[in-house]
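Open your viewer and follow along. Each stop says what to select and what to look for there.

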Amino acid sequence: MKYVVFYDSGPEVLSLAPIHFPAHKVRLDDFHARGLLLMVGTFADPVKEGSMAIFTTREAAEEFVKGDPFVVNGVVQSWTIREWNEVLVP
């Protein structure tokens, strides 16, 4: 079981994301280095479609979201965590 976080971009994403990206990237790198964050990225049109990240545990996903500068500072207007049954496990 993996846990997917879906982010919906806030109305000010284009102006706020560049300001808060450095702190967001530090958080991404930390969770990835600890083996908790497996993949992350935006969809083709991040303004309309948002982004997603895949975590190893629900606790890691919740911890990430609660302290993510994108969430805290309104880059993201809403988010959802969904359980995902990965089929192609190495």
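Among contacts between residues at least 6 apart in sequence, what percentage join residues at least 24 apart? The value is 73%. Contact here means heavy atoms within 4.5 Å.

Before moving on, know the ground rules. This is a predicted model, where local features need pLDDT of at least 70 and side-chain atom pairs count only at pLDDT 80 or more, while totals for chains, interfaces and linings use all residues. Residues are numbered from 1 along each chain as its sequence is written, and side-chain values use heavy atoms, with hydrogens and water left out.

**Stop 1: the whole chain**

Show the cartoon. You will find four helices and four strands. These are DSSP runs, numbered from the N terminus: helices are H or I with at least four residues, strands are E with at least two. From the N terminus on, the order is β-α-β-α-β-α-α-β. The C-alpha trace spans about 40 × 25 × 20 Å along its principal axes.

**Stop 2: the core**

Of the 90 residues, 34% count as buried. Buried means under 20% relative accessible area, with a 1.4 Å probe and protein chains only. Now select V5, Y7, F31, L37, F55, A61 and F64. These have the most contacts inside the largest nonpolar core, which has 19 residues. Such a core is a set of buried Ala, Val, Leu, Ile, Met, Phe, Trp, Tyr and Cys residues joined through side-chain atoms within 4.5 Å. Color β1 (2-9), α1 (13-33), β3 (51-55), α3 (58-67) and β4 (76-84): each supplies at least two residues of this core.

**Stop 3**

Select F31 and F55. Both are buried. Their rings form an edge-to-face aromatic pair, 6.3 Å centre to centre with 90 degrees between the planes. F31 lies in helix α1 and F55 in strand β3, so the pair ties together parts that are 24 residues apart in sequence. Rings of Phe, Tyr and Trp (its six-membered ring) pair if their centres lie within 6.5 Å; planes under 30 degrees apart count as stacked, over 60 as edge-to-face and the rest as tilted.

Ring pairs link F31, F55 and F64 into a cluster.

**Stop 4: charges over rings**

Select R34. It lies over the face of F31, 4.5 Å from the ring centre. Then pick R27, whose charged end sits over the ring of F64, 5.5 Å from its centre. The rule: NZ of Lys or CZ of Arg is within 6 Å of the ring centre and within 35 degrees of the ring normal.

How values were computed: Buried means under 20% relative accessible area, exposed over 50%, partly exposed in between (1.4 Å probe, protein chains only).
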